[in-house]
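Hi,

Here's the structure I promised to pass along.

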Amino acid sequence: MTPLIEFRDLKKSFPGVQALKGVSFAIGTSDRGEVHALVGENGAGKSTLMNILGGEYPPDGGRLLLDGRETRIADPHAARSLGIGVVYQELRLCPNLTVAENIFLGRERELGGGKVRWGMMRAAAKGILGRLGSPVDPDSLVRTLNVANQQVVEIARAISLDARILVMDEPTSALSLKESEALFKTIRDLRESGVTIIYISHRMEEVFAVADRISVLRDGSYHGTYGREQANPDQIVSLIAGRELGAELGGSRPGRRGPGGRGDKAVLSVRNLSRPGCFDGVSFDLYEREILGIYGLQGAGRTEVLETLFGLAPKWSGEITAFGKPIRNASPAEAIANGFAMAPENRRDAGIFPRMTVLENVNSANPAAMSGRFGLLRRGAMRDVYAEARRGLSIKTSSERQLARNLSGGNQQKVVIAKWLAANPRILLVDEPTRGIDVGAKAEIFRIIKDLRDKGLSVIIVSSELAEIVSESDRVLVMRHGGLSACLEGGDICREGIMRHAL
Ligand SMILES: Nc1ncnc2c1ncn2[C@@H]1O[C@H](COP(=O)(O)OP(=O)(O)OP(=O)(O)O)[C@@H](O)[C@H]1O
Ligand SMILES: [Mg+2]
């Protein structure tokens with residue numbers, strides 16, 4: 001049987017790095033659909049391979065066969081006319097257009113003219129969004145949507161193409177459980193109707209829930225394809241990392257506490273914090289040497305609480321006391337001066353400076369480096385921070401001069417974390433710290449956060465990954481519909497307990 005897609009010895013280099021070192025394997029068959037997962041560490045080459053398939057750029061060497069015929073995909077248009085649709089890892093929507101306009105961007109004419117076109121666009125958009133279980137209004141402007149909803153729009157756009165091959169590069173990284181499940185159902189339906197889906201994810205539960213076969217990339221090379229029945233998640237994870245990772249993954253809670261234990265001084269007290277339309281009457285304390293997890297379903301108000309604490313919210317009421325002093329944190333600058341740092345959820349907009357180098361990015365919140373305005377004198381100090389970040393978080397860069405926007409998605413996320421760690425905060429706020437990060441790096445990030453905690457740092461982590469909240473937090477706040485529904489400690493911190501309060 002002819003494979004639908006075949007890569008033969010594909011190579012691709014970027015300045016300083018060979019992203020694909022001669023990759024050969026096949027995906028799908030011409031006569032029926034398949035869900036094919038593509039997995040690998042941050043920087044393994046997954047997005048690069050998919051960019052070649054999507055016509056973003058040509059390979060430097062090797063061949064690409066579709067239905068057994070050698071094919072050159074000159075540009076994204078060519079890819080689309082060959083029936084290839086791509087959901088990109090980094091969202092590519094036009095913020096000032098509506099949801100429906102974004103879904104049909106560049107294809108409006110296919111839908112007829114004038115008023116008819118608008119009606120059809122809206123109706124079609126509504127249909128696809130409904131299928132994805134999303135309540136998003138086709139008429140809202142994309143810039144008013146949160147990251148999760150933007151991701152849904154991006155997926156809807158790809159599905160509307162009626163593609164024969166659909167690439168999804170980490171489609172669920174910002175989705176809630178419910179939205180992910182709706183997506184999986186759509187994926188299965190599409191496969192039944194003959195579509196081949198290439199699914200990229202770092203979450204093994206997802207991969208094993210949707211994929212028929214799994215292909216592994218490591219460091220730009222291909223490391224085999226496995227049927228879902230042939231391999232278990234631990235084996236795939238070892239293949240991804242090229243070593244056994246079992247013990248690092250944890251998942252249980254023993255031995256979380258470092259020396260010293262939690263301080264009994266509250267470093268931060270929040271009383272009756274309210275923001276109209278977001279959350280109401282939120283009160284809690286954060287202690288010295290503590291990791292406080294905040295769990296809640298999408299829309300419960302978690303991110304909004306963090307934003308308010310970090311000076312990003314225009315209007316709020318209530319009291320915030322930090323280190324014994326009442327504070328307002330009216331702007332991020334004021335928050336930083338008060339010892340706060342925040343790694344935001346949406347790294348693309350708020351976390352990194354895409355056109356600056358990695359060296360500059362990891363130092364962009366570092367007061368020592370900033371005093372020198374990136375001047376020559378400070379270069380040494382900046383290099384130290386860079387070296388530490390690269391080693392500690394295993395950030396994959398070709399050099400300190402690489403532009404942040406050219407890093408793989410997961411490595412951009414690591415740069416955001418590194419930047420805020422370099423700011424030496426006393427209170428660190430992190431929103432979805434491990435979104436898009438591979439399992440090895442995840443363990444590494446939490447090891448560093450715990451290390452800092454044991455040295456006196458207080459951390460608030462917002463995460464949608466229940467397992468992460470359970471294994472990494474000293475205490476857990478649960479939010480529901482804009483209010484706190486529970487504060488759990490010790491043995492009460494477990495999946496069931498948390499879910500009960502979140503629903
Ligand atoms: N446009 C580019 N310019 C320079 N280097 C690039 C570019 N795109 C990718 N790279 C490099 O190529 C390598 C592979 O990156 P790629 O984005 O394919 O990784 P990935 O497997 O998708 O990782 P992730 O899970 O983090 O998204 C990385 O080292 C990355 O820094
Ligand atoms: Mg990628």
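Helix α1, spanning residues 46–53, is mostly covered, with eight of its eight residues buried. For your selection, those are K46, S47, T48, L49, M50, N51, I52 and L53. Buried here means that 20 or more other C-beta atoms lie within 10 Å of the residue's own. After α1 comes G55, which has a positive phi near 75 degrees. Keep in mind that this is a predicted model.

Next, the sheet. Six strands make up an open sheet with mixed pairing, in the order β16-β17-β18-β13-β19-β20. The edges are β16 (340–343) and β20 (483–489); each has a single partner strand, so one side of each is left without a neighbour in the sheet. On average, neighbouring strands are turned by 20 degrees against each other, ignoring direction.

Some of the pairings in detail:

- β13 (residues 290–296) runs parallel to β18 (residues 458–462), and the two are joined over five bridges. I294 sits opposite V462 of β18.
- β19 (residues 475–480) pairs with β20 in the antiparallel sense, over six bridges. R480 has G483 in β20 as its bridge partner.
- β19 and β20 form a hairpin with two residues between them. One to check in the turn is H481, with a positive phi of about 45 degrees.

Finally, there's a helix on this sheet: α16 (residues 409–422) lies across β16 and β17 (427–431), and runs at about 175 degrees to β16.

Cheers

Key. Residues are numbered from 1 along each chain as its sequence is written. Chains are lettered from A and ligands numbered from 1 in the order in which they are written. This is a predicted model: local features need pLDDT of at least 70, side-chain atom pairs count only at pLDDT 80 or more; totals for chains, interfaces and linings use all residues. A residue is buried if 20 or more other C-beta atoms lie within 10 Å of its own, exposed if 12 or fewer, and partly exposed in between; C-beta atoms are placed from the backbone. Helices (H or I, at least four residues) and strands (E, at least two) are DSSP runs, numbered from the N terminus. Two strands pair if DSSP finds at least two bridges between them. Axes are lines fitted to C-alpha atoms, for helices over the stretch in contact, and angles run from 0 to 180 degrees between N-to-C directions. Two residues are in contact if their C-beta atoms, placed from the backbone, lie within 7 Å.
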